[in-house]
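Biologist: I'm new to this one. Could you walk me through it, one question at a time?

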Amino acid sequence: METSSLTNKRALYKFGRTLGAGTYGIVREADGPNGKVAVKIILKKNVKGNEQMVYDELDMLQRLHHPHIVRFHDWFESRDKYYIVTQLATGGELFDRICDYGKFTEKDASQTLLQVLDAVNYLHERNVVHRDLKPENLLYLTRAQDSELVLADFGIAKMLDNPTDVLTTMAGSFGYAAPEVMLKQGHGKAVDMWSLGVITYTLLCGYSPFRSENLQDLIDECRSGSIVFHERYWRDVSKDAKDFILTLLQPDPTKRATSKEALQHRWLKGETATDHNLLPELKAYMAKARLKRGIEIVKLANRIEALKMQGDDDEDIPSAVPEDTAVAPKSGPADLASPKVPETAPPPTTKKRSLSKAAKSAIFREVVLAKVRQMRQDEQKEKVEKEVLERVEKEKQK
């Protein structure tokens, strides 16, 4: 692509608020030739030696055309950045949006999950594994009552050369990753079905089926295959809903329902789903989740400042976080994969501000503490992985 062409394309977009930041770059809202869009800006120096990762994502996004998958619009590059332009989703994340409703029943949940599963089945038919299904990546396109729900963030998705290919890298988010991912046993499309099972369980009762706070306990909990439906929260939920969840949360990926099989489950037809209102439990769940957002906003501000310092041409990197930026809470203590650029859409704002001395001090203090916590987590993770591998080897020898 010629330099003049690059300049012309960059001039077509007027950048606005920041939507998120990650290891490789940021996501910003922009006004383009055909309306508002989301633009992922990736610093080339951050992917040096791994440029193929960017081209793989571009290739994949251009192949996907489905009403429940975020649409690809365009891409271009400059001397030090890649720009990926996609559809902008402004309707909010799945759980946030549901909490705005006056009522949300089990029947509503079944039809919502049908949209998600339809998108997942589309991916799997094309040998694409998303690998990071979670509520934060399920977004409504607009605030309209009848808005479509779309699946976003394909940063760690993989296209398999053939249906039997096995992926070996760690991927996914804590609490949503399948046991075979955490055990590094090799994985494929079945990991998406496990994640969908966790999402379904949480949507129907307001808490996760797995509540361990460290990797080893979480692995043990997932491998046990024991899914508990506590009477207090599940007594008004249909048997079909529970059966649907159990077909997905099978520790053995070969016994897990495929996307095609799951689509045929009678719970998704909505005929046996109850009119039980799920909102009270969901609002309690979201209230707890929002307590974690304060620290995420600080981390986002720090990440943007770091990216600004790394960029040779920093006009695309804002110097501060918009005041009303809302960052999606993490699902647990740590993501299993490298941090990615969130594609969530916070409430609109045009006001910008520079960080005060107090804010910068708070950021520095948090970064130091986070680094210490990360070092401890890494040490614990290495220890756990070593123990798990030793256990697997012993089981093989039996």
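Biologist: Is aspartate 153 buried or exposed?

Modeller: Bear in mind that this is a predicted model. Aspartate 153 sits in the loop between strand E9 (149-151) and strand E10 (158-159). Its relative accessible area is 4%, and buried means under 20%. Aspartate 153 therefore counts as buried.

Biologist: What is phi of aspartate 153 near?

Modeller: Happy to look at the backbone there. Aspartate 153 is a residue other than glycine, and its phi is positive. The value is near 65°.

Biologist: How are H4 and H6 oriented to each other?

Modeller: The axes of H4 and H6 come within 11 Å and cross at roughly 170°. Angles over 145 degrees count as roughly antiparallel. That makes H4, relative to H6, roughly antiparallel.

Biologist: Which residues in H6 do the H4 residues meet?

Modeller: The crossing of these two helices, H4 and H6, is right-handed. From H4 come Glu106, Ala109, Leu113, Val116, Leu117, Val120 and His124. Their partners in H6 are Asp192, Met193, Leu196, Ile199, Thr200, Leu203 and Leu204.

Biologist: Which residues is glutamine 115 in contact with, leaving aside its neighbours within four places in sequence?

Modeller: Glutamine 115 is found in helix H4 and, at 22% relative accessibility, counts as partly exposed. Its C-alpha atom is 9.4 Å from that of leucine 151, which is 36 residues away along the chain. With the neighbours within four places set aside, its contacts are His68, Glu148 and Leu149.

Biologist: Where around helix H9 do its buried residues lie?

Modeller: In H9 (residues 239-248), the buried residues are Asp240, Ala241, Phe244, Ile245 and Leu248. They cover an arc of only 140° around the axis, which puts them on the same side of H9.

Biologist: What covers those buried residues of H9?

Modeller: Several helices are part of the answer. The cover includes helix H4 (106-125), helix H6 (190-205), helix H8 (231-234) and helix H10 (259-263).

Biologist: Stepping back, how much of the protein chain is buried?

Modeller: The protein chain has 13 helices and 10 strands. Of its 398 residues, the buried ones make up 51%.

Definitions and conventions. Residues are numbered from 1 along each chain as its sequence is written. This is a predicted model: local features need pLDDT of at least 70, side-chain atom pairs count only at pLDDT 80 or more; totals for chains, interfaces and linings use all residues. Side-chain values use heavy atoms; hydrogens and water are left out. Helices (H or I, at least four residues) and strands (E, at least two) are DSSP runs, numbered from the N terminus. Buried means under 20% relative accessible area, exposed over 50%, partly exposed in between (1.4 Å probe, protein chains only). The arc is that of the directions from the helix axis to the C-beta atoms. Contact means heavy atoms within 4.5 Å. Axes are lines fitted to C-alpha atoms, for helices over the stretch in contact, and angles run from 0 to 180 degrees between N-to-C directions. Angles under 35 degrees count as roughly parallel, over 145 as roughly antiparallel, 65 to 115 as roughly perpendicular and the rest as oblique. A crossing is left-handed if the near helix is turned anticlockwise from the far one by less than a right angle, and right-handed if clockwise.
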